[in-house]
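Open your viewer and get ready to select residues one by one. Each stop tells you what to pick and what is there.

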Amino acid sequence: MLKQHLAKRTDFDPTSVPYNHELLDWLKQQQAQGRKLVLCTASDRFIAIAISEHVGVFDEVMASDGTTNLAGKHKAEALEQRFGRAGFDYVGNSSADLAVWQCARRAVVVNASTKIVQQAGVHCEVERVFASPTVGFTVYRRVLRVHQWMKNFLLFVPLLAAHQITSPDTWLALVLAFFSFNLCASSVYIANDLLDMESDRHHPRKCKRPFASGMVSAWVGVILTPILLLASLAIGWHVGGSFLPWLVFYFLLTCIYSWGLKRLVLLDCLALAMLYTLRIVAGAAAANMPLSFWLLAFSVFLFLSLAFVKRYAELQVQLLNGKQKAHGRGYYTSDAPLVQMLGIASGFAAVVVLALYLNSDVVVQLYRTPEFVWGTVPVMLFWISWMWMQAHRGEMHDDPLVFAVKDKASLLAGLVFTTVLAIGAVGWPW
């Protein structure tokens, strides 16, 4: 009865379910050979019928109906009554299916452990085994989104910008803060992936994410999320200072973003910019140093531009796929030109803030040859323009920072930017 009520209250979309296409191709071959196919499942009949109609290979549906939970021995009894003992072959994948294989003629085992395959062979002949996809380190690296941890290097920006790089205690605090943010970010990414599974399954690239593709079960994410968060808070507590409150604020804002803000036009990009900037604020808190107004203002405008790049790239993908609206977002594909304009304006505003900073007295105090630091302005102008040029051409990754670390032009711009700052700080070596 619970399954029935849940099924009726769920807006179930059979097109968004990750299917085992190898198995479906085999089933179609069996159907072409005259084999009768029955979808017999413990899922509610409402969901089972929707799946059957979408897949289009089943001749009959047997499912839970609000009275009988068609699982385990109940499924075995129903199949034996319908087809007779050993009058059917059964495709299954779990220990609950062992009761069915006891009265089946042959077994087809799909996505199951070696132990299940062996136990199925004890009860009946195993006709075929469809092996489980290998879920190793690479998959869980994608689950944790380890590549996104590079964003947390922003924690070190206040220390470098203030030229205070000689304190071992400060470096230790920042390293702990870095790993604390990594674990917190991963917990949020997992929760966001779980909430976004349906939207991701409609996306041409995001559909390959571990949860959206079905490679990793959702329950794994449900368990991992609180474990990672608790570990993050424990490390953050050891950092000391005001770092932990900022970490908690970052986590709460990401949750609010995942649960609602990401669906609100413009507010989603503002929230993304704040999440980037919070890393710099938290880094200053971990290093126990005041945060520069110039750095804060520059960061807000720059990250707002990158947030608009991210949304613009997503709209471009949806437009190429003939969609009028971004699934799970508040934008229409026709909004892309306006998003582009807002993003470019934000990026150039960041460059203006940088130019004003270079004309302040602070630069004279921090840099031995401040005139060289002006070289950062054309570098930033080029990079902002280049990023938007790539987005306009449809070559931008969904995440602009991930794109930047793989893009040769962006890496070269970063190298020139760092070199100019270094020359300005230490002067010419001759």
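This is a predicted model: local features need pLDDT of at least 70, side-chain atom pairs count only at pLDDT 80 or more; totals for chains, interfaces and linings use all residues.

Is N288 buried or exposed? N288 is exposed, because its relative accessible area is 69% and anything over 50% counts as exposed. Now look at its surroundings. N288 sits in the loop that links α13 and α14. Check its backbone too. N288 has a positive phi, near 60 degrees, and is not a glycine. Most residues other than glycine have a negative phi.

**Next stop: H163**

Select H163. Here is another non-glycine residue with a positive phi, of about 60 degrees. H163 lies in the loop between α8 (157-161) and α9. Its relative accessibility is 31%, so H163 counts as partly exposed.

**On to a helix: T138**

Select residues 137-144. This is helix α7, and T138 is in it. T138 is partly exposed, with a relative accessible area of 44%. T138 and S292 are 154 residues apart along the chain. Their C-alpha atoms are separated by 39 Å.

**Into the core**

Which residues have the most contacts inside the largest nonpolar core? Select F243, L302, F303, M380 and W383 to see them. The core has 72 residues. Several helices each supply at least two residues of this core, including α9 (168-195), α11 (218-239), α12 (243-259) and α13 (267-286). Also among them are α14 (293-320), α15 (336-358), α18 (376-392) and α19 (400-406). Which helix gives the most? That is α14, with 13 residues.

Now go back to W383. Leave aside its neighbours within four places in sequence. W383 is then in contact with L302, L306, A404, S410 and A413.

**Last stop: a helix pair**

Select α14 and α15. How far apart are their axes? The axes are 8 Å apart, and the two helices pack at an angle of about 160 degrees. That angle makes α14 roughly antiparallel to α15, because angles over 145 degrees count as roughly antiparallel. The crossing of α14 and α15 is left-handed. Finally, colour the residues where α14 meets α15 by class. This contact has 18 nonpolar residues and six polar ones. No charged residues take part in the contact of α14 with α15.

How values were computed
Residues are numbered from 1 along each chain as its sequence is written. Side-chain values use heavy atoms; hydrogens and water are left out. Helices (H or I, at least four residues) and strands (E, at least two) are DSSP runs, numbered from the N terminus. Buried means under 20% relative accessible area, exposed over 50%, partly exposed in between (1.4 Å probe, protein chains only). A nonpolar core is a set of buried Ala, Val, Leu, Ile, Met, Phe, Trp, Tyr and Cys residues joined through side-chain atoms within 4.5 Å. Contact means heavy atoms within 4.5 Å. Axes are lines fitted to C-alpha atoms, for helices over the stretch in contact, and angles run from 0 to 180 degrees between N-to-C directions. Angles under 35 degrees count as roughly parallel, over 145 as roughly antiparallel, 65 to 115 as roughly perpendicular and the rest as oblique. A crossing is left-handed if the near helix is turned anticlockwise from the far one by less than a right angle, and right-handed if clockwise. Ala, Val, Leu, Ile, Met, Phe, Trp, Tyr, Cys and Pro count as nonpolar, Asp, Glu, Lys and Arg as charged, and the others, Gly among them, as polar.
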